[in-house]
Protein chains: 2
Amino acid sequence: MARESDFDWHEEPVPLPGPGQVLVRCEYLSVDPGNRLWMWPTDTTVPVQAIGTVMRGIAMGTVVASRCAAYAEGCVVQGVLGWQDYAIVSGEGHALWRMRQAERLTPQTHMTLCGHVGLAAYFGLLEIGQPRAGETLVVSSAAGAVGSMVGQIGLLRGCRVVGIAGSAQKCRWLREELGFDTAIDYKTEPVFHRLRKLCPVGIDVYFDNVGGPLLEDALANLNVGARVVACGMLSVYNDIAGVLTLPPGPNNLLNLTLRRSRMQGFLYSDYRARAKEAFEHLLDWHAQGRLQVRIDTIEGLRQAPRALNRLFDGSSCGKLIVRMS
Amino acid sequence: MARESDFDWHEEPVPLPGPGQVLVRCEYLSVDPGNRLWMWPTDTTVPVQAIGTVMRGIAMGTVVASRCAAYAEGCVVQGVLGWQDYAIVSGEGHALWRMRQAERLTPQTHMTLCGHVGLAAYFGLLEIGQPRAGETLVVSSAAGAVGSMVGQIGLLRGCRVVGIAGSAQKCRWLREELGFDTAIDYKTEPVFHRLRKLCPVGIDVYFDNVGGPLLEDALANLNVGARVVACGMLSVYNDIAGVLTLPPGPNNLLNLTLRRSRMQGFLYSDYRARAKEAFEHLLDWHAQGRLQVRIDTIEGLRQAPRALNRLFDGSSCGKLIVRMS
């Protein structure tokens, strides 16, 4: 786990934007498992983060000063603003995206639907997983931000949806509130045997957020032609030395051959150009009450390190967001 | 390794075909790594083989008695005829396929090009691997029947081809005879570092015949958007207890996510309906001298168990075929 002592707190005068830049006041910080990955001593989805630089993190905020025509003062934007109260960001390229008017949505729900979580769930499931009506979708970390959205999109597409989560309470939420067909508590139930029983013809789509033993259990239960969506591997992100000493992987990857299946990774950022399509659907489904977003709000940037660990100790449910004070 | 004592030898009168069946005299037996997989105590690509039944194996032979209109006496056919001199096979369904007239080809070369090896190499590389001109293709077990064909098809498609094989002699054959751009002897060279050096922008297609540590080395060196073709996992087929005690898999599967890559399995038999397309190309390339097939012929069915082990001890090169006496 990351320790609070791994972080240092600095105060300095709020800087002014240079040409082409904007100054954003950060208001809501998204805390994601990938943040821990970004702390690895090797390049991951982003180049290695140098010690002493501002911790990376996706956040939503308001433009308070602008020297970029694309973003006027008052614009609400999202981007990798970092764990800080104010961020200087280039208004060019794809560093920021503008949040359209949020109707009847809290800022937290808005940034979850219309941000990286929405992109990962929507395109990860639909483009990489390619679920068809009547198929069985299994999703791990199912009570998490991405997992809970993936399961609900699967239901909307006519799939039988099995969630895997880490407590009876989370499983109850998935079943009773979100409408998952069933849920497995991996902390108390034998996942391999439960999957075998719950998916008698095998898993068609496994949306994997965790890796580790659950991936092995899923691979052991694939249907012919299955798709494994490699969204992330929460189970290894806390491995201190990073990719250099990772624990071994599943011993049954051969099942990809035996079951003519594929395992495919993706990054939400690959779909930025198609974001509009996802956001329209997600907002629509949410407005119709067919897609629920659960928000877990933590107050104050000082809580960010502790919040990060809550993604790994199982105490978080839904989307974890730090509200800056 | 399979032991000779795992096999028993029976003689019995040659049976006569029933309605819809043909009697085939087996002449050339293909010995493939997958044969060892078929001996596992669990279902694999085929249902578990009962002790005491004829060992499965793909072979080519001549129809010597027929009660099926589709196959007249004298037809040359291929199919899962088993490790036996004569086989009774249904002429219906897809159990057999007919060999067209082989012009200027030995039977061994013919069955290699126009059989499961050709299908696996052609569709595995082109359909699952989807190589593009200018990309880097790495193939393991590159001096094997499938691997050597895959590498040559890659060259024909304009790829840079790196082979991984188990001796300096095999590597020399790949480079000097088959035209591979380069080859790595995994028994004496550090594969991870060699791949890093030889594939500076990363591997675009990794055609995996072996699994194990070489798969880990390949995953560590993927380019963005890479395709891993999971053709087989030679390195685990001799694991006595089968899938129940398989060694752990690669610890860096997360790279599929970080590099937005996919790993996909397939079986040659999935492409039986499109066999004509593959065989036409393969025969054509071979006739033009652009696709070499190396045959390693062993004399006599009694040698089959020993031949099987030669696929795993590194002493075989090219396609291993037993000529029945």
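Contact here means heavy atoms within 4.5 Å. This is a predicted model, in which local features need pLDDT of at least 70 and side-chain atom pairs count only at pLDDT 80 or more, while totals for chains, interfaces and linings use all residues. Residues are numbered from 1 along each chain as its sequence is written, chains are lettered from A and ligands numbered from 1 in the order in which they are written, and side-chain values use heavy atoms, with hydrogens and water left out.

**Exercise 1.** Describe the extent of the contact between chain A and chain B.

*Solution.* Begin with the residues: chain A brings 32 and chain B brings 32. Next, take the buried area (the accessible area, with a 1.4 Å probe, that two parts lose on being put together, summed over both). For chain A and chain B this is about 2,600 Å², with 66% coming from carbon and sulfur atoms.

**Exercise 2.** Find the salt bridges across the interface of chain A and chain B.

*Solution.* Start from the rule: a side-chain nitrogen of Lys or Arg must lie within 4 Å of a carboxyl oxygen of Asp or Glu. Across this interface the rule finds two salt bridges. One of them joins A:D270 to B:R260, with the closest N and O atoms 2.9 Å apart.

**Exercise 3.** Determine how chain A and chain B are related by rotation.

*Solution.* Copies are superposed by least squares on the C-alpha atoms of residues with pLDDT of at least 70 in both. A rotation of 180° with 0.0 Å of shift along its axis places chain A on chain B (RMSD 0.0 Å). The two copies are thus related as by a two-fold rotation axis. Among the residues of chain A, A:G249 comes closest to the rotation axis, its C-alpha lying at 2.2 Å.
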